[in-house]
Amino acid sequence: MRRDTSRQRLVKVTSEYTLRPRRWFFLLEIEGFELTKISIAGMVQQAIQTLTGKVGCGIHSAEVIKICNPNTAIISLPSDSLIPLWGSLTLMRTFRDCQCRILIMKASPFLMAICDSLS
């Protein structure tokens with residue numbers, strides 16, 4: 001709040017810009033499949049292609065940061081891909097004709113918040 005000196009009243013000052021994170025991080029729990037960086041990347045690519053088609057697969061991407069446990073992994077994605085990736089990973093049920101389940105355990109724009117929940 002600041003005081004307008006010409007009329008002596010309070011004027012609310014708001015910002016025109018909001019800060020949005022560039023990248024988001026997901027902590028995934030994947031059941032029913034052996035995890036490697038290549039298999040997780042394939043799962044993400046297939047999930048996006050199923051939901052949005054080949055064009056969406058080219059637009060939305062994700063990077064595997066680390067495989068923590070035998071069934072837990074951390075992936076990084078651009079903020080523009082947050083909603084399509086979240087939806088496509090949630091709806092995915094099969095990969096390479098095998099049943100699998102992907103749970104997004106935590107999503108955060110801060111990698112430290114994801115790593116903190118592992119310990």
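The paragraphs below lead from the overall fold of this predicted model to its core, its helix packing and a few individual residues. Because the model is predicted, local features need pLDDT of at least 70 and side-chain atom pairs count only at pLDDT 80 or more, while totals for chains, interfaces and linings use all residues. Residues are numbered from 1 along each chain as its sequence is written, and side-chain values use heavy atoms, with hydrogens and water left out.

The chain contains three helices and eight strands, where helices (H or I, at least four residues) and strands (E, at least two) are DSSP runs numbered from the N terminus. Followed along the sequence, these elements give the pattern β-β-β-α-β-β-α-β-β-β-α. Of the 119 residues, 33% count as buried; the term buried stands for under 20% relative accessible area, exposed for over 50%, and partly exposed for what lies in between, with a 1.4 Å probe and protein chains only. The accessible surface comes to about 8,200 Å², of which carbon and sulfur atoms hold 55%, the areas being derived by the Shrake-Rupley method with a 1.4 Å probe and, for residues, with only the protein chains shown counting as cover.

The interior can be approached through its nonpolar core, a set of buried Ala, Val, Leu, Ile, Met, Phe, Trp, Tyr and Cys residues joined through side-chain atoms within 4.5 Å. The largest such core has 24 residues, and those with the most contacts inside it are Phe26, Leu28, Ile40, Ile75 and Leu89. At least two core residues come from each of β3 (23–31), α1 (37–59), β5 (72–78), α2 and β8 (101–108), and α1 gives the most, with six residues. In soluble globular proteins, nonpolar side chains tend to be buried together. Leaving aside neighbours within four places in sequence, Phe26 is in contact with Ala73, Ile74, Ile75, Leu77, Leu82, Trp86, Leu89, Ile104, Lys106 and Ala107. Ile30, which lies in strand β3, is buried with a relative accessible area of 2%. Beyond four places in sequence, the contacts of Ile30 are with Leu35, Ile40, Met43, Asn71, Arg101 and Ile102, and its C-alpha atom is separated by 8.8 Å from that of Ile104, 74 residues away along the chain.

Helices α1 and α2 pack at an angle of about 100°, with their axes 8 Å apart; here axes are lines fitted to C-alpha atoms, for helices over the stretch in contact, and angles run from 0 to 180 degrees between N-to-C directions. The two helices are therefore roughly perpendicular to each other, since angles of 65 to 115 degrees are classed in this way, whereas those under 35 count as roughly parallel, those over 145 as roughly antiparallel and the rest as oblique. On the α1 side the contact is made by Val44, Ala47, Ile48 and Leu51, and on the α2 side by Pro84, Leu85, Gly87, Ser88, Leu89 and Leu91. Ser88, in helix α2 (residues 82–91), is buried at 3% relative accessibility and, apart from neighbours within four places in sequence, is in contact with Ala47, Ile48 and Leu51. Ile48, found in helix α1, is likewise buried, at 2%, and with the same exclusion of neighbours it contacts Gly53, Gly56, Cys57, His60, Leu85 and Ser88. Gln49, also in helix α1, is by contrast partly exposed, with a relative accessible area of 34%, and touches Lys54 and Cys57 when residues up to four places away are not counted.

The cysteines form zero disulfides, a disulfide being a pair of cysteine sulfur atoms within 2.5 Å. Cys68 is in no disulfide, and the nearest cysteine sulfur, that of Cys115, is 7.0 Å away. Cys68 counts as partly exposed at 24% relative accessibility, whereas Cys57 is buried, at 16%.

The last stop is the loop between β6 (94–95) and β7 (98–99), where Arg96 is found and where Asp97 also lies. Arg96 has a positive phi of about 55° although it is not a glycine, and phi of Asp97, likewise a residue other than glycine, is positive and near 60°. Arg96 counts as exposed at 54% relative accessibility, and Asp97 counts as exposed at 82%.

Notes
Contact means heavy atoms within 4.5 Å.
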